[in-house]
Number of protein chains: 2
Amino acid sequence: MSNIRHALNIKREDDFAQWYQTVISEAELAEESGVRGCMVIKPWGYGIWERIQRLLDDRIKAAGHENVYFPIFIPLSNFEREADHVDGFAKEMAVVTHHRLIADGEGGLKPDPEAKLEEPLIVRPTSETIFGDAMARWIQSWRDLPLLTNQWANVVRWEMRTRMFLRTSEFLWQEGHTAHATDAEAKEHTLTMLEVYRACAEEDLALPVIAGEKPENERFPGAVETWSIEAMMQDGKALQAGTSHYLGTNFSEAAGIKFQDREGGEKFCHTTSWGVSTRMIGGVIMTHGDDDGLRVPPRIAPYQVVILPMLRDKPEDDALLEYCEVLRAKLAGQQTLGEPVRVLLDKKPGKAAAKRWDWVRKGAPIIIEVGGRDMDNGVVSLIRRDQLWNMESGKANFQTPSRDEAGETIPAMLGEIQQAIFDEAAARRDANIVRDIDTMDGLRAYYAEGQKAPGWVEVQWSKPTGPALEKVVEQLKELKLTVRNVPMDRPDADGTCIFTGEPAVERIYVAKAY
Amino acid sequence: MSNIRHALNIKREDDFAQWYQTVISEAELAEESGVRGCMVIKPWGYGIWERIQRLLDDRIKAAGHENVYFPIFIPLSNFEREADHVDGFAKEMAVVTHHRLIADGEGGLKPDPEAKLEEPLIVRPTSETIFGDAMARWIQSWRDLPLLTNQWANVVRWEMRTRMFLRTSEFLWQEGHTAHATDAEAKEHTLTMLEVYRACAEEDLALPVIAGEKPENERFPGAVETWSIEAMMQDGKALQAGTSHYLGTNFSEAAGIKFQDREGGEKFCHTTSWGVSTRMIGGVIMTHGDDDGLRVPPRIAPYQVVILPMLRDKPEDDALLEYCEVLRAKLAGQQTLGEPVRVLLDKKPGKAAAKRWDWVRKGAPIIIEVGGRDMDNGVVSLIRRDQLWNMESGKANFQTPSRDEAGETIPAMLGEIQQAIFDEAAARRDANIVRDIDTMDGLRAYYAEGQKAPGWVEVQWSKPTGPALEKVVEQLKELKLTVRNVPMDRPDADGTCIFTGEPAVERIYVAKAY
Ligand SMILES: [Zn+2]
Ligand SMILES: [Zn+2]
């Protein structure tokens, strides 16, 4: 509708990258910190992360894991051990070299040359090696297995080009590390955690994802298998939203993670690792955001319902607040999506209309305005964020249920919103996967068409390895494409490989990606 | 009882420091990581921290705060701004100077000289300055106040002599930072958070504490007032378990945190900050531990009840597990201390007796063993960790309620245990505070008596400042004592200062401290 005046000054279709930054700023999710590549996560953004943490942590614990905490610093020598071709090794990492600051004699401070560390410490980019050292200490016999651990932590990977939530020098994540007696059990656990991530993405974040195995060239260094969940953003690009790795005995051999089996023999453990990060919030923004800001899925919304009394700094305010408080209390006493309804009665100073648009941009699932007239009529004015506009009038799509009715229907309405935005994303994703391209020319033509959001293409391939795979990767790179994964839920291959012309072995998704 | 065979090989009275390390090791709370001054927090220790976090976070949010996340790195220049006498400045901090590792040409790795940072970054020892920068951006007018923020994070202070939980180079904490329009409101908020800490320590951790103001010499640098809660350990020493600072306009003037008041004038905000850390776990150990290991207060116990079936790797195990599962489910479906009962049915391989002692050392509040005979009799064998020994027999003090009775009485029993260990600690604390010393000679004599746990002494003083205070600090230092705080709940002074002989102004606690 051309007569709608959207809450953002930029549209997705005009400049998706700029729109993304605008949503982060206008929804008050995060901002630049002044420290290179690091962001400040603001209350609404951090509240979403806390919700994701809580729900995913419950799932991780239900799968039998215990949380632990390992040091932020990893000795440089751990990386020497890990880097099996040290000569070619060069990694962007934050290196701590000194342990004291002193005056520099010119009115400033400097690292104290007397306090140089004998061995530099690295701010953890991941904790594989230091978990491995502990597992070697903790595991003696088959009775200690499986060892199922997880850590919530900050990690640092020095990034030259950063983008809030998607690629920052410091980010927050969880990293699971497990050890098992057998190959089969470790592989099964890798898939168990992939399924945990799928469920969290789809059920909690309302992000439809494709779960599948990454091709050889996209494996985590040292992994035998790397699996991922991939989500489609509104610009058609793929976002890898979580990975689960089967590491074989590669890490246990490096760290000496051994156990005595039931027969008394000594064996290496089979290990796994898996992680998701604050990057998922980037996925939520690019999947559910619209030209009015963010839309937060109810399950991860810090507040699911925001009540805005139209206060006028007059004595009547008391009655209005009391009227609103009855609704707040009624909602807070009910459950939705398995938890108590999270409702805010927002009494902050400011005009209700301005506050309404603030909450629209932030993406609270339900926004309720209550003025004196509403109170007199025993009603409230309610907006569903996923049905913001009345398409006929071009105005905000207010419903005016009675206060009692609102108190009764909102819990179920939140469940509907959760489902509705998932369905919307899934329908868009499905509409933007093309499955009928079976030649490289066809692929080239499809991505050459200059479409804004060309989405993903499913092709069949012969699963080349080594140099043959490198050649495929090069061909795709020319089109700015990568192989996302080998989806688990698709029929067997029945054609020929579009890269090699050989009989196809499996289906893969190719796409542009974040 | 001399015939009791305790679960630890060391007693508190023999070597308290060594006993402390033994509990940490035997209760599997934490261990050295191999990285200087940093520990690995193991599942049971981290589980306790997660409980503390959850309960304290609820209290912090109930007091109106929102959580945020700030970068781990702070530019060196922020410390130059803060250090108002830079010439004498020397601080132990982890300094990041490079952002890349490369091969050193000798088979190892080294910081890349080409990747030296223009400005070194400091791993945050606290986030005062970087919060200050953000507050200056976020606050425009009185409508934005109060600004109530909190962060859960890891921080690093390079320590030369470390002790697990009490003093480690890296530790976990929360740091609250708030900004207010007026002096009075900020001061009130400082005390509100002190009360939150007192309630958390006493009600959640069962740590009786003394809340009071720190003397001038113990203030946080830049603070106008520093308040603390102080707990007495079993060796009589004090542990500062949390601090709350009123910062006046010192930080807001440095960072430019200004607001426009209702009359349109520009003013500096009054700020506060406050924090507690994993150090609290050290306080829990030294307050509630005994010669059999740790005793975790039920409110912060990851599991409050552990059920140990005496499995024999035989077909009868199934019936036994089913018998235990009925109790587990019955308990998990009930509430205690305001939350669902946390109960573990521990099916791990291993002899039940060995596992019993593992859980005794870990300090699970209630341990239940179930063997075939218990099942046949419809009972369970139950140990309250706070009443471990039968003093007459010198054996473990088993109760044998029927399974149904256990299912009904355990929730209330957990509440009793929470209260009992608090009462025990409070009685010991009260018995170890001396209030009748009114001369320096008396104080000297008291602490010279060579008692193992001489506890604290309450004295009256004239609240000296400047050089007079320094002299008092020196006098106390000779006795290895410090002023802990000025308790809030004691009668007004009515005597003379034991240090200066002047009329006393207030009462203070002096003690040895961690
Ligand atoms: Zn190699
Ligand atoms: Zn000065």
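Let's start inside chain B. B:Tyr323, B:Val326, B:Leu327, B:Lys330 and B:Leu331 of helix H8(B) touch B:Arg403, B:Asp404, B:Ala406, B:Gly407, B:Glu408, B:Ile410 and B:Pro411 of H11(B). Contact means heavy atoms within 4.5 Å. Helices are DSSP runs (H or I, at least four residues), numbered from the N terminus. These contact residues split into 7 nonpolar, 1 polar and 4 charged. Nonpolar here is Ala, Val, Leu, Ile, Met, Phe, Trp, Tyr, Cys and Pro; charged is Asp, Glu, Lys and Arg; the others, Gly among them, are polar.

A word on the source. This is a predicted model: local features need pLDDT of at least 70, side-chain atom pairs count only at pLDDT 80 or more, and totals for chains, interfaces and linings use all residues. Residues are numbered from 1 along each chain as its sequence is written, chains are lettered from A and ligands numbered from 1 in the order in which they are written, and side-chain values use heavy atoms, without hydrogens and water.

Now the two chains. A rotation of 180 degrees, with 0.0 Å of shift along its axis, superposes chain A on chain B, RMSD 0.0 Å.

How many residues meet? 68 of chain A contact 68 of chain B. 100% of chain A's interface residues are also interface residues in chain B, so the copies meet through the same surface.

Key: Helix = DSSP H or I, 4+ residues; strand = E, 2+ residues; numbered from the N terminus. Least-squares fit on C-alpha atoms with pLDDT ≥ 70 in both.
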